[in-house]
Amino acid sequence: MQTTFLMVKPDGVQRGLVGEVISRLEDRGLRITALKMMTLDRETAEEHYAEHQGKDFYSPLLDYITSGPVVAMAVEGRSVISMVRTMVGKTDPQEASPGTIRGDYGIDIGRNIVHAADSEESAERELDIFFEPSDYQDHRRVEEDWIYE
Ligand SMILES: Nc1ncnc2c1ncn2[C@@H]1O[C@H](COP(=O)(O)OP(=O)(O)O)[C@@H](O)[C@H]1O
Ligand SMILES: [Mg+2]
């Protein structure tokens, strides 16, 4: 079992896609274990995107990600980190396959609706930035007895 970090970015919130993103996770059988709406301060945004420091898009990316509220969540399931990345689609929505979140809703790499952790290490690091241990709820979905027996 893994936990990944997913965030609906400000453009996703502004376009009313929070419910759509959550629906896709729930429809797939995944379980949200922590959920928070917040506006990122610059320092948190810098920490979250530290790997991109020095790149051309770093400063516009920080402006964008701090421009309005985001919805951050922890999502649990078997192999959920790579599964959610597949559901999110390629970074550039122009290249993302139809059926993915970015491929169904986006056209601009700078406004690509969601963030999802790309590895176990990033998931752990990012979850720690956004959530305290007490933010998590331990629960099971009704069908999990047969999905994860
Ligand atoms: N060339 C680019 N121009 C503008 N924004 C970019 C570019 N590359 C990446 N970004 C932004 O930075 C975010 C982080 O980049 P990256 O980690 O490479 O992608 P991903 O979000 O798919 O993991 C992207 O989701 C996107 O919002
Ligand atoms: Mg990334």
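A residue counts as buried under 20% relative accessible area, as exposed over 50%, and as partly exposed in between (1.4 Å probe, protein chains only). The structure is a predicted model, in which local features need pLDDT of at least 70 and side-chain atom pairs count only at pLDDT 80 or more, while totals for chains, interfaces and linings use all residues. Residues are numbered from 1 along each chain as its sequence is written, chains are lettered from A and ligands numbered from 1 in the order in which they are written, and side-chain values use heavy atoms, with hydrogens and water left out.

The chain has eight helices and four strands. Both kinds of element are DSSP runs, numbered from the N terminus: helices are H or I with at least four residues, strands are E with at least two. Read from the N terminus, their order is β-α-α-β-α-α-β-α-α-β-α-α. The C-alpha atoms fill a box of roughly 45 × 35 × 25 Å along the principal axes. The radius of gyration of the chain is 15 Å, which agrees with the value near 15 Å for a compact globule of 149 residues. That radius is taken over C-alpha atoms, and the globule rule is 2.2 Å times the number of residues to the power 0.38.

Of the 149 residues, 47% count as buried. The accessible surface comes to about 8,000 Å², and carbon and sulfur atoms hold 47% of that surface. Areas come from the Shrake-Rupley method with a 1.4 Å probe; for residues, only the protein chains shown count as cover. Contact means heavy atoms within 4.5 Å. Among contacts with a separation of 6 or more, 77% join residues 24 or more positions apart.

In helix H7 (residues 120-130), the buried residues are Ser122, Ala123, Glu126, Leu127, Ile129 and Phe130. Seen down the axis, they fall within an arc of 155°, so they line one face of H7. The arc is that of the directions from the helix axis to the C-beta atoms. The face turned away from the buried side carries the exposed residues Glu120, Glu121, Glu124 and Asp128. The buried residues of H7 pack against strands S1 (2-8), S2, S3 (70-77) and S4 (114-116), and against helices H3 and H5 (80-88).

Helix H4 (residues 58-65) has Tyr58, Leu61, Leu62, Tyr64 and Ile65 as its buried residues. These cover an arc of only 160° around the axis, which puts them on the same side of H4. Their cover includes S1, helix H1 (10-14), H3 and S3.

Strand S2 holds arginine 31. Arginine 31 counts as buried, at 2% relative accessibility. A polar atom of its side chain lies 3.2 Å from the backbone oxygen of histidine 139. Setting aside residues up to four places away in sequence, arginine 31 touches Met1, Ala74, Val75, Glu76, His139, Arg140, Arg141 and Glu144. Leucine 35 is also found in strand S2. Beyond four places in sequence, leucine 35 touches Ile22, Val71, Ala72, Met73 and Phe131. Leucine 35 and aspartate 135 are 100 residues apart in sequence, yet their C-alpha atoms are 7.9 Å apart.

Threonine 39 is found in the loop between strand S2 (31-38) and helix H3 (42-48). Threonine 39 is partly exposed, with a relative accessible area of 49%. Its contacts beyond four places in sequence are Thr66, Gly68 and Pro69.

Most residues other than glycine have a negative phi. Serine 79 has a positive phi, near 50°. Serine 79 lies in the loop between S3 and H5 and is partly exposed, at 42% relative accessible area. Isoleucine 113 also has a positive phi, of about 75°. Isoleucine 113 is found in the loop between helix H6 (101-105) and S4, and is buried, with a relative accessible area of 0%.

An oxygen atom of ligand 1 lies 2.8 Å from a side-chain N or O atom of histidine 52. For threonine 91, the distance from a ligand oxygen to a side-chain N or O atom is 2.5 Å. For asparagine 112, the corresponding distance is 2.8 Å. Taken alone, ligand 1 exposes 530 Å², and the protein buries 77% of that area.

Note on methods:
Polar contact = N/O pair within 3.5 Å; in protein donor to acceptor, adjacent residues only side chain to side chain.
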